[in-house]
Amino acid sequence: MNFIDFAQIMNINIKAQNSNTYDAIVVGTGISGGWAAKELTEKGLNTLVLERGRDVKHVEDYPTMLKDPWELPNNDQLSAEELKMYEKQSRTGYTVRESTKHWWVKDPEQPYREEKPFNWIRGYHVGGKSLMWGRQSYRLSPMDFEANAKDGIGVDWPIRYSDLEDWYSYVERFAGISGQAEGLPQLPDSVFQPPMELNCLEEHFKQSIKDRFDRMLTIGRVANLTEPKDGRGMCMSRNLCIRGCPYGGYFSSNASTLPMAAATGNMTLRPHSIVNSVIYDEGSGKATGVEVIDSETGEMIEFYSKIIFLNASTVNTTLIMLNSRSNRFPNGLGNDSGELGHNLMDHHLSVGASGQYDGFEDKYYWGRRPNGFYIPRFRNLDSSNRDYIRGFGYQGGGSRESWVAAVRELAIGKQLKEFVQTPGTWTLGMGGFGETLPYHSNRMYLNFEQTDKWGQPTVVFDSELKENELLMRKDMMNDAAEMLEAAGFKNIITYDAQPPLGHGIHEMGTARMGNDPKTSVLNGWNQIHSVKNVFVTDGACMTSSACQNPSLTYMALTARAANYASEELKKGNL
Amino acid sequence: MERREAIKRTAAIMGGVIFAPSIFGVLSGCTATGDPWKPVLFNQSQANLTKSLAETIIPETDTAGAIEVGVPGFMEKMVNEVYTEEQRMVFLEGLDSFDSVCMNSTGNLFADLSSDEQLEYATEMNRLALSDQPMGVLNFFLLFKELTMVGYFTSEVGATQVLRYEPVPGYYDGCMPFEEVGRTWAT
């Protein structure tokens, strides 16, 4: 090589490095990635936001949002042939429909192995699961952050509720959470938009369990707007959220955080970008960027930045870290503790009861409320007096039976057409959402031998519910039936579908926060203990699962970490 | 009555899931309905039964019936595309068995009965299906009834004219007099 060639090559490399260099990189565009993008760009950081899937523009890319039932073929069901592409994604029973199939990965293209059954439900596109999420939004409580220390389970959270309290308020004011303030210590109130209504039967049930058990029932706290906010319209009670909302009536990255990030002029959004690994520089002891596979061309590209936020979703963030192997970190980035990939949690659910109620025959409701009721945790609050620790909340709803109930009626012909015009019996059902403990033996790991079509290692799951969860499930079923019985319900049915972990789509905990680098991966600011310019603020960071739906906590942790990161960057500490 | 007894007896004899081969050849002609459905899976007798039974379950009144809103075509498409291979077999054999039971007890294929007779026969099958028979031809009747109802009540006519449908309700009121809504919500 002569001198001129060498100079040219150097020049090209420097140019490439310059054009590929940012202040910050955010990996993932779901609920937490969207928040990282918003906060970092608003702090003036030139930010590259990477998304492994395709772009999805708010409203423009919601192809089924206005479809009436008769405009969807086969009663909105997939053909048996097409359903084969979604064998795992459809295990929940409600996720994959003709009107929503474009949001889910095709299982044959995105394989994973189940040493023990695990439902890994994913959507790879801009917005991630923030487009399809259930929108239930609850704060964790002081009790939840203290629970591990008190019980000697896992490791202690490095933060307390007071560290997060203002950040909860901060994200709630922007996201828009509707709900009713109740003043419960185990379920702190959010900054609320006006609550949605309970219906007649739910009101009756609320009063009944208050009188009989001194238990609380409140309307679900949900990220659907009941008042317009920042250019987003209020919820129109269509209950078609999962298709994408033309009004921006619920919080998603696409409707909420990413437009704000884009408006700063500081965001570069790059879809079709699979992050293969984080680049670690042994000299500085920092990460310098990420290695990206362009999913369309297969090209490997490096991007550089001062700080990196990993928000690829719990399992994929962990995959990236486990796949970022170097001399310093032979077992994955920041994995000095050996805990990376372990302590996999979810909320265990699909257990509860339902029943019918005679009464309110002259009453009905208007609209399709995209929300139900919530019964906050009532077990093991002041002292643990059950044969398990921690607890569960219930989500449920009441309604009148529709025309479907007439299948099992005698009516036929003209009589049937008349019969279905009057709604059927009132029914009410509820299912528990139970806390899952962090067990070291519940883990995910990588199979480096079996790679996917982009050459990435594939994920293997090896996790299960254990005794504490199984004992809790008995209460989750029986308490529901007991409350229904006390409230005068008949034909009460209990159920326990015993789904595997992952079924709650609340996977978390595989890069947990903690005080001690020997037993945890992240510190109290969501930084990797040993690589301080890498932040992990998706579900992977969770030290315990509590029993509340976790997304609101990811939002608050992300906003807190992003603001800390930008301050530290200004101080020259990162 | 005599025919009811006959049905009961046949059902009792056949029991279980019935896999009797179709004893009917392809019949020519079909009822003039204006329904543009061209069967791709069902043979002619299965198609005739589907149309006549669906229309019996949801007939034309002051609102359109099952045939006019295209329910038979919907049903075949569901059976052909959404059902698994096994479910498809059960449905097709259920159609054949239903007609063979009908033939045994009435001397006619269901489609060849008068509309009064069809209603009477189907009403009786519905009643028997709701008794404690767990499987077989009676169970098939409820499967068929459900599929008919799904097709009809998710159609524009069924959802908006028989039931009530609001694409954009605008708000939620959790407890109001039923008469202010007037009819069951389609969704």
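**Close-up views of a two-chain predicted model**

**View 1. The contact between chain A and chain B.** Chain A brings 46 residues to the contact and chain B brings 60 residues, where contact means heavy atoms within 4.5 Å. This is a predicted model, in which local features need pLDDT of at least 70, side-chain atom pairs count only at pLDDT 80 or more, and totals for chains, interfaces and linings use all residues. Residues are numbered from 1 along each chain as its sequence is written, chains are lettered from A in the order in which they are written, and side-chain values use heavy atoms, leaving out hydrogens and water. Between them the two chains bury about 4800 Å², 64% of it on carbon and sulfur atoms; buried area is the accessible area (1.4 Å probe) lost when two parts are put together, summed over both. On the chain A side, A:Trp366, A:Trp403 and A:Lys417 lose the most area to chain B, together 21% of what that side buries.

**View 2. Polar links and the make-up of the chain A side.** Here you will find 33 residue pairs in polar contact between chain A and chain B, both residues at pLDDT 80 or more. A polar contact is a pair of N or O atoms within 3.5 Å; within protein, one must be able to donate a hydrogen and the other to accept it, and residues adjacent in sequence count only if both atoms are side-chain atoms. Helix 3 (80-83), strand 12 (363-366) and helix 9 (414-419) of chain A each supply at least two residues of the side that touches chain B. Helices (H or I, at least four residues) and strands (E, at least two) are DSSP runs, numbered from the N terminus. Strand 12 of chain A gives the largest share of that side, 4 residues.

View 3. Strand 12 of chain A runs antiparallel to strand 1 (residues 173-177) of chain B, paired over 3 bridges; two strands pair if DSSP finds at least two bridges between them. A:Trp366 has B:Asp173 as its bridge partner in strand 1 of chain B.

**View 4. An open sheet in chain A.** Three strands of chain A form an open sheet in the order 3-17-16, with mixed pairing. Strand 3 and strand 16 (443-451) stand at the edges with a single partner strand each, so one side of each is left without a neighbour in the sheet. Strand 16 and strand 17 of chain A pair in the antiparallel sense over 6 bridges, and A:Asn447 stands opposite A:Thr458 in strand 17.
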